Amino acid sequence: MKKRILLVEDEKPLCLLYEEELSREGYEVTAVTDAEAALAKLGQAEFDLIITDIRMPGKNGIDLITQIMGLRKDIPIIINSAYQSYKEDFMTWAADAYVVKSSSLDELKARIRQLLGE
Amino acid sequence: MSELRKDLISGRWVIIATERSKRPDDFRPPAPVAAAAEAAGFCPFCEGNEAKTPPEVFALRAAGTAPDSPGWTVRVVPNKFPALTPGPPPPRASQGVFQSMEGRGVHEVIIENPVHGLDLADLPVAHIRDVLRVFQMRIRAIEGQLHYQYVQVFKNKGKEAGASLSHPHSQIVATPIVPKRVKEEIYGADRLFRTFKECAFCRILREEEALGARIIARTGHFTALAPYASRFPFEMTVLPRRHSAFFVEAREDELEALAAILKDVLTRLKVTVGDPPFNMVLHQAPNQWLSARHWPELAERSHWHIEIIPILTKVAGFEWGTGFYINPVPPETGAQFLRQA
């Protein structure tokens, strides 16, 4: 059975790129562009992993993680952000990994595989 | 709100506690208001004065008694002058090379018993066990809020040890980062694990028990010893003999045994050096949830324990400058005195 990933990314072109690349890796990707939509999806379906941006319109990714932790502590979370400077803090936000956005998705894919035990 | 500031060179975080600078017991005479009030016979921690503390977050109390009223045996309240304020920490800020973050965290006071003059060592073992059980409950509750990476439980007894009120109490401070000293202990234990192929604390326990010279007391579950490189006279460490990284994993029978050995060693300390001020500090692995995610190996490499540091000497210039401590009482001698007490 395909592993399900919830992707939260407000930049639509990036969202499409990730969706395409990760689907090609064999994952079932549900992409949303804001935190509220992510929380709604979490209420509707089961996910094996969540990838979220930090800076998004409306609720930011850190608040989203805090809210997810109140609901579920068992889903691994990757922060995918352009901000290198936040990397030291990701544990404080209870995420499992922090990947700085880059044109190469190799690191992100590697972290996904690691967290899903593949 | 307080602020956490990182020392660029050492990597140490400092809490710049603006809330606490408003504390009545300020740095200079005239005599602190709290101490003066206490000297006049008033104590906010005594039974009957519940309204003088912030509302309780937890209490062991008689059935049918209302929160913030008499009838409790152990009571937990937020610190009136907290070093840190609850809430998820925002990202770090920086100004040039200097890093800071809002002082988010938890700061609670555990009032160990309703009677002013009864110290921890004076309480029955069952009551001390209840205090330890409350520590566990609060650690679990705080660790559930995943933005706190480390929960520190400690007790300051006596003014020289940092206590601003003499009514017996302990404190819990949860921080949004793993403190430097805790990291140093983790890294040290990790390095030794790779050398010994077992938990360094378990190895130390085995060797100390075989040697015997620094053992102060021993039961089926716990060993109290004077550390080999004790920094202070009559310094003690109480270690569980069953390996565990997390204090919250201590079972009910182990809490009972811990209560008994704490009562024993604290009474020995009283008898040997005349009821000195002391600091009692719980050492454990960071937040269990975060450890499981980020340092899964900690469960086998870290070993919770309690450190008791009597305040009999002063940390002065040489110690501050070098990190060396000058201990005038060899731990073997200290342990012998405490054993014989």
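Author: The buried residues of α5(B) are covered by, among others, α4 (180–196), β10 (215–218), β11 (222–225), β12 (236–240) and β14 (305–310) of chain B. Helices (H or I, at least four residues) and strands (E, at least two) are DSSP runs, numbered from the N terminus. This is a predicted model: local features need pLDDT of at least 70, side-chain atom pairs count only at pLDDT 80 or more, and totals for chains, interfaces and linings use all residues. Residues are numbered from 1 along each chain as its sequence is written, with chains lettered from A and ligands numbered from 1 in the order in which they are written.

Reader: Which residues of α5(B) are buried?

Author: B:A200, B:F201, B:I204, B:L205 and B:E208. Buried means 20 or more other C-beta atoms lie within 10 Å of a residue's own; exposed means 12 or fewer, and partly exposed is in between, with C-beta atoms placed from the backbone.

Reader: Why are they on the same side of α5(B)?

Author: Because they cover an arc of only 135 degrees around the axis. That arc is taken from the directions from the helix axis to the C-beta atoms. On the other side, B:E207 and B:A210 are exposed.

Reader: What follows α5(B)?

Author: B:G212, with a positive phi near 85 degrees.

Reader: New topic. Where is B:H167 found?

Author: In the loop between β8 (150–157) and β9 (169–175) of chain B.

Reader: Is B:H167 buried or exposed?

Author: B:H167 counts as buried, because it has 21 C-beta neighbours inside 10 Å.

Reader: What is B:H167 in contact with, leaving aside neighbours within four places in sequence?

Author: B:C43, B:F45, B:C46, B:I111 and B:H116. Contact means that the C-beta atoms of two residues, placed from the backbone, lie within 7 Å. B:N113 is 54 residues from B:H167 in sequence, and their C-alpha atoms are 8.6 Å apart in space.

Reader: Now the whole of chain B. How many helices and strands are there?

Author: Chain B has ten helices and 14 strands. Of its 341 residues, 38% are buried. Among contacts with a separation of 6 or more, 68% join residues 24 or more positions apart.

Reader: And how many residues of chain B are in contact with chain A?

Author: 13 residues of chain B, which meet ten residues of chain A. The chain B side has eight nonpolar, three polar and two charged residues. Here Ala, Val, Leu, Ile, Met, Phe, Trp, Tyr, Cys and Pro count as nonpolar, Asp, Glu, Lys and Arg as charged, and the others, Gly among them, as polar.
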